[in-house]
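Work through the exercises below with the model open. Each task is followed by a solution in steps.

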Amino acid sequence: MIRKPKPHRSGALPPNFSKSQIPNHLALVMDGNGRWAQERGLPRTAGHEAGEAALFDVIEGAIEVGIREVSAFAFSTENWRRSPEEVKFLMGFNRDVIRRRRDEMNELGVRIRWVGRPKRLWKSVITELEEAEKLTAENSVLTLNMCVNYGGRAEIVDAATALATDVKRGKLKLDSINEKVFARYLNEQKMSDVDLFLRSSGELRTSNFLPWQSVYAEMVFMDVLWPDVDRRVLWRALEEYAKRERRFGGV
Ligand code: IPE
Ligand code: IPE
Ligand code: MG
C-alpha cells in the first residue's frame, strides 16, 4: 500500500499550481552543508548529517505537487578531491542514508535509481544502492535518481566510449548516430530532460551536474544553505519556475 506524504510540520500546504507549471524533472544540487556547519562552529560532517532531512522533506513536497522525477546530487566525481576524512565520511553516510531511508521511500511509491560511476565508489555503497533499486523497482509515484559518484563529463565520455565500441564491433552504423541514439548510451535507464535545475547555497554554477540533460532547464539558485532547505523552499522555486517562459529555441 502506497501512503501519501505527510504534510510539512508547519502545516504549510503547497501553493496552487496548474499542471503545466509543474516541472516533470527536478535536478537538485544540495550545496552548502559545510558552510552551514562552519557557521555553527561544527565540523563539516555535521552539515552533511543535517542535510539528510532536507532531501527527504523536499521529496515529500515534490510528491505533493506532482513532480515525477528528482535527481539528487549526493557525491560528484570531483568530490574525491576533498580530505580523505571527509570522503570517508561521505561514503559511509551515503551508504547509511540509502539503507535508512529506502523503506520509507518504498512506502511513498518512490522508485530509486543509482546514477553514477562504479569506479572508486565503495562496494558497500553500491550494494545498498542496488538493494534500494531492487526493492523499489515497481514504484511509479516519483523516480529518485541518486547521483552518487556522478560527473557530467564522465557520463558523456563513458557514453562516447560505449558508442565507439558498438561502431567498431559493427553493432551501430556511423551514419545512424544522432542525439536520440547518443542519449541512449548516457544511462542504462533513460533519464528525462531536466525542467528545473535548483541549486542551494547561493553558488551560481552547475558543477558538472547533468550537462546533457539540462541544456534547456530553467536555472533557479536559492540563497539558502542545504540543511536549511525544506519543501517550502522548493515551492518558492516553483513559483519562480511558473513565471518563466520556455521556448526551446522557438518563438
Ligand atoms: C554539499 O555541501 C554536499 C556535498 C558536496 C557532498 P558542501 O560540502 O559542498 O558544502 P559547502 O559548499 O562547502 O558549504
Ligand atoms: C556540487 O557541490 C556537488 C554536490 C552537491 C554533490 P560542490 O560543493 O562539490 O561544488 P563546487 O566545488 O562548489 O563547484
Ligand atoms: Mg559545496
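A residue counts as near a molecule if one of its heavy atoms lies within 4 Å of it. This is a predicted model, in which local features need pLDDT of at least 70, side-chain atom pairs count only at pLDDT 80 or more, and totals for chains, interfaces and linings use all residues. Residues are numbered from 1 along each chain as its sequence is written, chains are lettered from A and ligands numbered from 1 in the order in which they are written, and side-chain values use heavy atoms, with hydrogens and water left out.

**Exercise 1.** List the residues that surround ligand 2, and sort them by class.

Step 1. The shell holds V29, M30, D31, F73, A74, F75, N79, R82, R199, R205 and S207.
Step 2. Apply the classes: Ala, Val, Leu, Ile, Met, Phe, Trp, Tyr, Cys and Pro are nonpolar, Asp, Glu, Lys and Arg are charged, and the others, Gly among them, are polar.
Step 3. The shell then splits into five nonpolar, two polar and four charged residues.
Step 4. Strand β2, residues 69–76, gives the most to this shell, with three residues. Strands (E, at least two residues) and helices (H or I, at least four) are DSSP runs, numbered from the N terminus.

**Exercise 2.** Find side-chain polar atoms that lie close to oxygen atoms of ligand 2, using the polar contact limit (a pair of N or O atoms within 3.5 Å).

Step 1. For S207, a polar side-chain atom is 2.5 Å from a ligand 2 oxygen.
Step 2. For D31, a side-chain N or O atom is 3.1 Å from an oxygen of ligand 2.
Step 3. For R199, the distance from a polar side-chain atom to a ligand 2 oxygen is 3.4 Å.
Step 4. Now take the cover: the protein hides 78% of the 390 Å² of accessible area that ligand 2 has on its own (Shrake-Rupley method, 1.4 Å probe).

Note on methods. Polar contact = N/O pair within 3.5 Å; in protein donor to acceptor, adjacent residues only side chain to side chain.
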